[in-house]
Amino acid sequence: MLAAVLGSAGRVDGGGKHLEEGSESVTNGTSIEDLDPGVWYHIETVFGQPGAALSCSRVPPREIRRDSEPIGPIRCADAGTATPTVAPDRA
Amino acid sequence: MLELQLPPWLPTGPKYPRRRHIVACIASPDKSETVRAGDFDLHIHMTYHTGAGGPYTLLVSHREHLAKTFVDLALKIPDDAIAVDARESTPLEVLEAFLRIYGLMIRIGDEAGTFFLHKDVPLRADFVGDIVSGEPGKGKGIMQCWMKVEEGPPRQVRVAFACSLDLDEYAKSL
């Protein structure tokens, strides 16, 4: 069973707990259409414990790089990371 | 002195990383790596230690914002818990090896894995469902994801970094 985090059908499940002060955040009831295209978001979800929560926040502006660093990986993901994988002890 | 904000889910107790060790790892890492997504940075540091249970690596990921250091992960990784030599590997290689064993599945669009790094995931025009979802384990777990939606065409999710961790299985490794 998958726990919905950010639903294209227009739902964000979870507690809507925001961890970063000063950031503009979205919370329960937010749909993908409400997210600004091209804006980075940080999603953190805690499963299976009291107070389990979701936060979905814009990456705060202070973290935005102002220089012209090129977009791209410092290290390419291995083939196994971009395709469905099952941890060995769960296979 | 770093003003440190630790994640509220971070387990505490004698077998888990202590605050001063996390600070030391950030301030004086043995190895560091930065995930750059063009407009923000995630820093991943490692320090090597020898404890009562044997050698281990402390791995910490963090971001800077408003003069605060936000820690996203702080993991104590015993050398014998992963299939790579931490001392010969990069922080991302160590984290990836750790997540192969203790990671939970994340689904982004039509793709799934325990670890995403600089991955563009196209969304089909008829895609219906959760753009980002995590699969809880039987117990406690956490998911971290940095992403943005690009309307395109093609419409896609650009993922800078995403991972999910089974905290109960992690606890058993310590």
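A: Let's look closely at the open sheet of chain B, and then at the core. This is a predicted model: local features need pLDDT of at least 70 and side-chain atom pairs count only at pLDDT 80 or more, while totals for chains, interfaces and linings use all residues. Residues are numbered from 1 along each chain as its sequence is written, and chains are lettered from A and ligands numbered from 1 in the order in which they are written.

The sheet has five strands of chain B, in the order 1-5-4-3-2, and its pairing is mixed. Here, strands (E, at least two residues) and helices (H or I, at least four) are DSSP runs, numbered from the N terminus, and two strands pair if DSSP finds at least two bridges between them. Which strands stand at the edges? They are strand 1 (4–5) and strand 2 (31–36) of chain B; each has a single partner strand, so one side of each is left without a neighbour in the sheet.

Start from strand 2 of chain B, which pairs antiparallel with strand 3 of chain B over six bridges. Within this pairing, Glu33(B) is opposite Ile44(B) of strand 3. Strand 3 (residues 41–51) of chain B is also antiparallel to strand 4 (residues 54–65) of chain B, and nine bridges join them. You can find His43(B) bridged to His62(B), and His45(B) bridged to Val60(B).

Helix 2 (residues 91–102) of chain B lies across strands 2, 3, 4 and 5 of chain B, at about 75 degrees to strand 3. Such angles run from 0 to 180 degrees between N-to-C directions, with axes fitted to C-alpha atoms, for helices over the stretch in contact. Contact means that two C-beta atoms, placed from the backbone, lie within 7 Å.

Finally, the largest nonpolar core holds 56 residues; Leu59(B), Ile77(B), Met147(B), Val159(B) and Phe161(B) touch the most other members. Strand 11 (residues 156–166) of chain B gives the most to this core, with seven residues. A nonpolar core is a set of buried Ala, Val, Leu, Ile, Met, Phe, Trp, Tyr and Cys residues joined through C-beta atoms within 7 Å. Buried means 20 or more other C-beta atoms within 10 Å of a residue's own, exposed 12 or fewer, and partly exposed in between, with C-beta atoms placed from the backbone. Leaving out residues up to four places away in sequence, Met147(B) touches residues including Tyr41(A), Ile43(A) and Val159(B).
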